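Let's take a walk through this protein together, one stop at a time. Have the 3D view ready and follow along as we go.

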Amino acid sequence: MRRSSKKSSSSAAAATAGPTRGVSKEIERIDQLFYTYADSSSGMIDPEGIETLCSHLEVPHTDIRILMLAWKMGCEKQGYFTLDEWRSGLKALRADSISKLKKAFPELVTRPSNFQDFYPYAFRYCLTEDKKKCIEIPVACELLNLVLSLQFRPQVDKLVNYLKHQSEYKVINMDQWMGFLRFCNEINFPSLDNYDSDLAWPLILDNFVEWLRENKSFQHWGL
């Protein structure tokens with residue numbers, strides 16, 4: 001009886017050892033990749049390390065895929081990847097090498113179900129200081145071009161143009177940022193025929209629509 005018990009327990013151990021060893025090997029490769037780019041003094045991948053990583057991935061550091069990679073890692077500080085964040089992101093992407101990371105990029109960009117989570121993260125990622133709740137207009141314009149222009153190019157072009165030329169707003173908050181996405185998803189463009197300012201839109205969007213309609217009437221009269 002004891003002998004068979006020992007045998008069965010050793011068999012169970014053997015059965016579980018394989019996968020565990022495989023997982024630890026994967027983590028080992030992910031960690032090795034991390035230390036290729038990490039700064040030895042801080043123990044993090046800093047902006048310089050990210051730039052090197054981007055060159056190996058053959059994408060510019062301003063590419064949406066780098067922002068999406070940061071989102072997948074759950075990075076809390078702009079321009080820095082911790083080891084835990086790196087592990088979490090690369091395990092989720094099943095990537096333990098640069099070539100696998102490159103292959104994972106298209107899935108990141110083309111999966112729309114992720115976007116409702118990614119879009120507010122992009123805003124939070126740009127809050128570079130603790131307790132900061134707004135981003136400056138130039139940053140908001142860059143971010144809109146980065147995260148929304150592929151899906152909503154005409155709307156983003158007009159919105160960025162408006163934001164750059166208006167003088168009432170210096171910063172954008174999260175409520176306004178989420179309003180931009182809702183506007184792009186819900187409002188017929190360029191007709192704007194279903195926009196109703198009574199439906200609790202952020203005031204900045206009421207002003208934007210008014211500006212669009214004024215510009216349209218100027219164009220109509222050849223002004």
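Find K77 and look at what lies under its charged end: the ring of Y80, whose centre is 4.5 Å away. Keep in mind that you're looking at a predicted model.

Now for rings paired with other rings. How many aromatic pairs does a search of the whole structure find? It turns up 17. Take Y162 and W211: their ring centres are 5.4 Å apart and their planes meet at 55°, so this pair counts as tilted. Y162 belongs to helix α8, while W211 belongs to helix α10 (residues 203-220), so the pair ties together parts that lie 49 residues apart in sequence. Are these two buried or exposed? Both Y162 and W211 are buried. Elsewhere on the ring tour, W71, F115, F118, Y119, F123, W177 and F180 are joined into a cluster by ring pairs.

Let's go back to helix α8, which covers residues 153-165, and bring in helix α7, residues 137-147. The axes of these two helices come within 10 Å and cross at roughly 170°. Because angles over 145 degrees count as roughly antiparallel, that's the label for α7 and α8. So which residues meet here? From α7 come I137, C141, L144 and N145, and from α8 come R153, V156, L159, V160, L163 and K164. Sort the residues of this contact by type and you get 7 nonpolar, 1 polar and 2 charged.

Conventions
Residues are numbered from 1 along each chain as its sequence is written. This is a predicted model: local features need pLDDT of at least 70, side-chain atom pairs count only at pLDDT 80 or more; totals for chains, interfaces and linings use all residues. Side-chain values use heavy atoms; hydrogens and water are left out. Axes are lines fitted to C-alpha atoms, for helices over the stretch in contact, and angles run from 0 to 180 degrees between N-to-C directions. Helices (H or I, at least four residues) and strands (E, at least two) are DSSP runs, numbered from the N terminus. Angles under 35 degrees count as roughly parallel, over 145 as roughly antiparallel, 65 to 115 as roughly perpendicular and the rest as oblique. Contact means heavy atoms within 4.5 Å. Ala, Val, Leu, Ile, Met, Phe, Trp, Tyr, Cys and Pro count as nonpolar, Asp, Glu, Lys and Arg as charged, and the others, Gly among them, as polar. Rings of Phe, Tyr and Trp (its six-membered ring) pair if their centres lie within 6.5 Å; planes under 30 degrees apart count as stacked, over 60 as edge-to-face and the rest as tilted. Buried means under 20% relative accessible area, exposed over 50%, partly exposed in between (1.4 Å probe, protein chains only). A charge sits over a ring if NZ of Lys or CZ of Arg is within 6 Å of the ring centre and within 35 degrees of the ring normal.
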